[in-house]
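Subject: Structure for your review

Dear colleague,

Please find below the structure that I am handing over to you. My findings follow it.

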Amino acid sequence: MTTDPDEQDLVRRAVEGDARAFDRLVEIHTPRLYRLVRRAAPDGAEAEAVVQEAWLRAWKNRRRCAPNRPFFPWLASIAMNVARDGWRKRRPLDFADLGDVVEEIPAAGISAEGRLEAAEARERLAKYVNDLRPEWRMILGLRYDGELEYREIAGVLGIPLNTVRTHLRRARAALRARMEEDDAGPAG
Amino acid sequence: MPDRLDDLLHQLPMETMSADLPARIQLRLRADRSMQRRLQLGLDAVLAVLVISGLLALGPSLAGAAGWLTGGSVESSMAWFSALGSAPAPAVWQTLTGAVDWVQTLSDGFGVTGLLGLVLVAVPLFTWLRRLMPEEVPGSDAGVEWAGAMIEEGAGA
């Protein structure tokens with residue numbers, strides 16, 4: 001992800017305490033931040049609360065932001081930190097149990113999706129994503145809604161790059177399995 | 001290599017956020033900044049009162065200690081250097097004992113009130129100085145240690 005010079009200037013001014021520059025960043029990044037938080041949050045109200053709190057913390061910690069680096073991953077890391085505070089109370093997040101084992105999941109199972117209409121497939125997939133473990137939803141949100149690169153996700157979550165790959169593989173494998181299962185159900 | 005699942009995941013349906021969410025965030029930020037400013041002003045007022053009180057407490061003590069603070073002269077310095085040249089060890093010893101005496105007399109001259117005054121002046125000054133310094137080196141991540149910590153816990157288990 002590259003850093004837009006205009007945004008870099010906005011971030012630099014915001015870091016120096018320019019409230020208007022920071023407000024502009026709020027306008028630019030809130031929709032994207034909401035999308036990735038909402039993917040992992042149980043409902044929209046909680047996602048909005050997390051996003052609001054993330055921006056407040058970002059303002060308070062603005063001096064820690066490096067203007068020469070992309071702003072969004074830094075913001076996302078704060079949002080994920082806010083989110084885990086709430087989610088940990090319900091069930092501890094666990095990124096540890098997978099280790100760094102990288103599995104090769106065959107992509108052949110995806111053929112089942114071919115029989116579904118695209119819109120229906122997306123609806124069902126969204127439901128399956130909601131059923132995933134929060135930490136997997138978080139990584140999927142960062143990857144597909146936040147559109148972060150693997151190394152950025154690793155930076156945001158503070159985990160090794162290989163672990164990010166492993167989590168994504170596992171999450172996708174789980175989704176494939178659900179879709180295959182769902183598809184095989186009525187037929188069998 | 002992107003596959004169909006990847007494509008679908010990129011296009012997952014998502015409920016849209018409230019249209020006024022950015023505006024609400026900005027309002028909260030404004031309220032927060034305003035509160036921070038008020039707190040800052042309050043703290044500055046308290047620190048200013050401390051400085052004034054400290055200076056008032058220091059006044060009489062400073063007058064007493066002034067003689068000791070300005071006790072040195074060019075002639076005595078020259079004499080000390082010549083003594084250092086002729087007999088270094090006694091000169092150094094004399095200087096050390098003189099320094100101990102000086103500190104003792106200075107603290108006696110200051111008294112409890114003077115020392116309290118010094119603290120009252122020093123604390124606000126350090127607080128203001130600290131505010132002028134950068135809180136963190138830019139580039140250090142606010143970061144999330146939680147996931148990494150859990151990974152390490154898992155690796156260690």
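Two residues are taken to be in contact if their C-beta atoms, placed from the backbone, lie within 7 Å. On that basis, and leaving aside neighbours within four places in sequence, L75(A) is in contact with H29(A), L33(A), A54(A) and A58(A). Please bear in mind that this is a predicted model.

Overall fold. Chain A contains 8 helices and 0 strands, giving the pattern α-α-α-α-α-α-α-α along the sequence. Of its 188 residues, 44% are buried. Among the contacts in chain A with a separation of 6 or more, 73% are between residues 24 or more positions apart.

Nonpolar core. The largest nonpolar core comprises 55 residues, and L75(A) is among those with the most contacts inside it, together with V37(A), V51(A), A54(A), A76(A) and A79(A). Helix 4 of chain A (residues 71-90) supplies the largest share of this core, namely 11 residues. Because domain 1 (5-90) and domain 2 (107-187) of chain A both contribute residues, the core lies between them.

A residue in helix 4. S77(A) also belongs to helix 4 of chain A. Is S77(A) buried or exposed? A residue counts as buried if 20 or more other C-beta atoms lie within 10 Å of its own; S77(A) has 24 within that distance and is therefore buried. S77(A) and L157(A) are 80 residues apart in sequence, yet their C-alpha atoms are 6.5 Å apart in space.

Helix 1. In helix 1 of chain A (residues 5-15), the buried residues include L10(A), V11(A) and A14(A). Viewed down the axis of helix 1 of chain A, its buried residues fall within an arc of 95°, so they line one face of the helix. An α-helix has 3.6 residues a turn, so residues three or four places apart point the same way. P5(A) and D9(A), on the other side of helix 1 of chain A, are exposed. Just after this helix, G17(A) adopts a positive phi of about 105°.

Confidence. The mean pLDDT of chain A is 80, with 79% of its residues at 70 or more. Over residues 92-113 of chain A, however, the pLDDT is below 50, although this stretch has 49 contacts in the model beyond near neighbours in sequence. Where pLDDT is low, the predicted coordinates should not be read in detail.

Yours sincerely

Note on methods:
Residues are numbered from 1 along each chain as its sequence is written. Chains are lettered from A and ligands numbered from 1 in the order in which they are written. This is a predicted model: local features need pLDDT of at least 70, side-chain atom pairs count only at pLDDT 80 or more; totals for chains, interfaces and linings use all residues. Helices (H or I, at least four residues) and strands (E, at least two) are DSSP runs, numbered from the N terminus. A residue is buried if 20 or more other C-beta atoms lie within 10 Å of its own, exposed if 12 or fewer, and partly exposed in between; C-beta atoms are placed from the backbone. A nonpolar core is a set of buried Ala, Val, Leu, Ile, Met, Phe, Trp, Tyr and Cys residues joined through C-beta atoms within 7 Å. Domain bounds come from an automatic or database domain assignment. The arc is that of the directions from the helix axis to the C-beta atoms. pLDDT is the predictor's confidence in each residue, from 0 to 100.
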